Structures are given as structure tokens and as C-alpha cells.
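Okay, thanks for coming, everyone. I'd like to walk you through one model today, so let me put it on the screen.

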Amino acid sequence: MMDNRFATALVIACVLSLMSTIYLAASIGTDFWFEYRNPFPPENNSESKATWDELFGESADENSYTDALFRWNGTIGLWRRCITMSENSYWYNSPGEMVRKCVSFSLSDQFMEKYKDPGNHNSGTDLNRTYLWRLQFLLPFVSLGLMCFGALIGVCACACRSLYPTIATGVLHFLAGLCTLGSVGCYVAGIELLHKKLPPPRAQGQFGWSFCLACVSAPLQFMAAALFIWAARTNRKEFTLLKAYRVA
């Protein structure tokens, strides 16, 4: 029969694991990792059409869409970039209701090379920003995969009525926490390197709530990992001592 201490630790670890999974999934699926702020967005409606082309056109590059994001109070996530602009995007229309418009990064965009001078294909590849961008996209999915695999091991442990396999669940949660932390670090480093290459007025902004969810998810994963490993190891040790006592 399992000790109440271990049962409580496992319940708390499962709750923490579930919370971290929800937070991480929400951060991946939303667009508020970084929010650009312009206190004086353009009021000239004729600029909307040009902005639309910069952000959504086939020729849109990193330099043009970053400029559009700042001018129109945009947000950017792992998958999409969005701006808030007038619904009427032509000069002959009166300013309409402000609407939020988004475009997704394609899979090829996620692995596209970043350049030393953003948007300038002749400036050479910036390897640091290229690999930071790729890692910030891949690591959250690796983290979710590790947690799902850890949950599967936990279910198998329950089916086998053994607590010891949850050590593997704890280890996988620890690795997932490292991946989440790595993704957050890569995103921060990538944003800072990009802004250093752009004029200061075009780099005003702050990290959004999607980024904060990812930041919160990492420590929850580490705490769940610690509880899983502690419960499994301590229960195994006490079971071994009890077995030795009975044999004696």
C-alpha cells in the first residue's frame, strides 16, 4: 500500500504537470510573445495598403514586417504576426473600425536564413539569429512531446501498480523544463539581436502574456519533475528496507 506522503506528492506533481502543459500549449498557440508599441500610429489611411503589402505580401521580409509591426502596434508569436489597422485599407475610404489582421509563418519561413542586415539578402547569413529562430520554434514542441511521453509512462506505472517507473516521468519532465527554458532564452536573445540591428524608434515594445506563460511553464515542469523523482526514489528505498527487515 502506498504511503500518503507519496500519494500526495504524485497528485501535486500531476496537477503541476497538467498546468504546465496547458500554459505551454497556450503560449505556442497565441501571438503575444512580443508586443510592439507605437504611441502615435499612422492616421493616414493611405498607408494601410502599403502596410498590408509589407506584412502580408509575397515579398515581405524581416525588415519590412518588423517596421509594419511597430508602426501599427503589432504582435508576433511563434507562428503568426499580427497588426491592428483600419478595416478600410484604401485612401479613398474613410477610416473604418480598427481590426486585428494576422498572417502565419509558413514552415519554410521558420527555417529560412536570417541576414546580418535584416531584409538584405546580400549582407550574408547571420548564423546566430538563424539558429536561435529555429530553436525557439522547435524546442516547445520537443518539450510537449517529452511531457506526453512521460505521462504515458506514468499511466503504464499505474497499470503495473509500481511507483518506480515514475522516475522516468520525472526525468522527462526535467528535460521538458530545460527545453522550455531554452526556447524562452532563444526567443529573448533573438529579439534583442534583431532590435540591435534596427533603428531604436522601431524597436520599442515589451514581452507579452504568451511569453509569460512559457516562462511560468518551465518552473512548473521542474517542480513536477522533482516531486516525481522524490516520490519514486523514496518509496523504492523504503520498500527495500521493509523487505530486508521482513527477510531478517
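**A walk through the fold**

So, of the 248 residues in this chain, 42% count as buried. Keep in mind that this is a predicted model.

How many helices and strands does the secondary structure come to? There are 7 helices and 5 strands. If you read along the sequence, the pattern goes α-β-α-α-β-β-β-α-α-α-β-α. On contacts, take the pairs of residues at least 6 apart in sequence: 72% of those contacts join residues at least 24 apart.

Okay, helix packing. For anyone new to this, two packed helices are described by the angle between their axes and the distance between the axes. Start with α5, residues 127–159, and α6, residues 166–196. Their axes come within 7 Å and cross at roughly 165°. Since the cut-off for roughly antiparallel is over 145 degrees, that makes α5 roughly antiparallel to α6. The crossing of α5 past α6 is left-handed. And what is the contact of α5 with α6 made of, by residue class? You get 20 nonpolar residues, 12 polar and 1 charged.

Now put α1 against α5. Here the axes come within 11 Å, and the crossing is roughly 150°. So α1 is roughly antiparallel to α5, and the crossing of α1 and α5 is left-handed. On the α1 side you have Ser17, Ser20, Thr21, Leu24 and Ile28, and in α5 they meet Pro140, Phe141, Ser143, Leu144 and Met147. Sorted by class, that contact of α1 with α5 has 6 nonpolar and 4 polar residues, and no charged ones.

Let me zoom in on one of those α1 residues. Serine 17 sits in helix α1, and with 11% relative accessibility serine 17 counts as buried, because the cut-off for buried is under 20%. Leaving out residues up to four places away in sequence, serine 17 touches Met147, His173 and Ala224.

His173 turns up again if you go over to α7. Alanine 225 lies in helix α7, and alanine 225 is buried, with a relative accessible area of 1%. Which residues is alanine 225 in contact with, leaving aside neighbours within four places in sequence? Those are Gly170, His173 and Phe174.

Next, the cores. The largest nonpolar core has 23 residues, and the ones with the most contacts inside it are Trp33, Phe34, Tyr36, Tyr65, Leu69, Ile76 and Tyr187. Which elements give two or more residues to this core? They are α1 (4–29), β1 (34–36), α3 (62–71), β3 (80–86), α5, α6 and α7 (209–247). The largest share of this core comes from α6, with 4 residues. Apart from that core there's another one, of 8 residues, including Ala9, Leu16, Ala224 and Phe228.

Not counting residues up to four places away in sequence, the residues tryptophan 33 touches include Ile28, Ile76, Leu78, Tyr187, Phe207, Phe211 and Ala214. Then there's cysteine 212, which lies in helix α7. Cysteine 212 and tryptophan 33 are 179 residues apart along the chain, yet their C-alpha atoms are separated by 7.8 Å. At 40% relative accessibility, cysteine 212 counts as partly exposed.

Two of the core residues I listed, Tyr65 and Leu69, are also among the buried residues of α3. In α3, 9 of the 10 residues are buried, so α3 is largely enclosed by the rest of the structure. After α3 comes asparagine 73, with a positive phi near 55°.

One more to finish. Is arginine 81 buried or exposed? Arginine 81 is found in strand β3, and at 7% relative accessibility arginine 81 counts as buried. Lysine 101 is 20 residues away from arginine 81 in sequence and 8.5 Å away in space, C-alpha to C-alpha.

That's my tour, so over to you for questions.

Conventions:
Residues are numbered from 1 along each chain as its sequence is written. This is a predicted model: local features need pLDDT of at least 70, side-chain atom pairs count only at pLDDT 80 or more; totals for chains, interfaces and linings use all residues. Side-chain values use heavy atoms; hydrogens and water are left out. Axes are lines fitted to C-alpha atoms, for helices over the stretch in contact, and angles run from 0 to 180 degrees between N-to-C directions. Angles under 35 degrees count as roughly parallel, over 145 as roughly antiparallel, 65 to 115 as roughly perpendicular and the rest as oblique. A crossing is left-handed if the near helix is turned anticlockwise from the far one by less than a right angle, and right-handed if clockwise. Ala, Val, Leu, Ile, Met, Phe, Trp, Tyr, Cys and Pro count as nonpolar, Asp, Glu, Lys and Arg as charged, and the others, Gly among them, as polar. A nonpolar core is a set of buried Ala, Val, Leu, Ile, Met, Phe, Trp, Tyr and Cys residues joined through side-chain atoms within 4.5 Å. Buried means under 20% relative accessible area, exposed over 50%, partly exposed in between (1.4 Å probe, protein chains only). Contact means heavy atoms within 4.5 Å.
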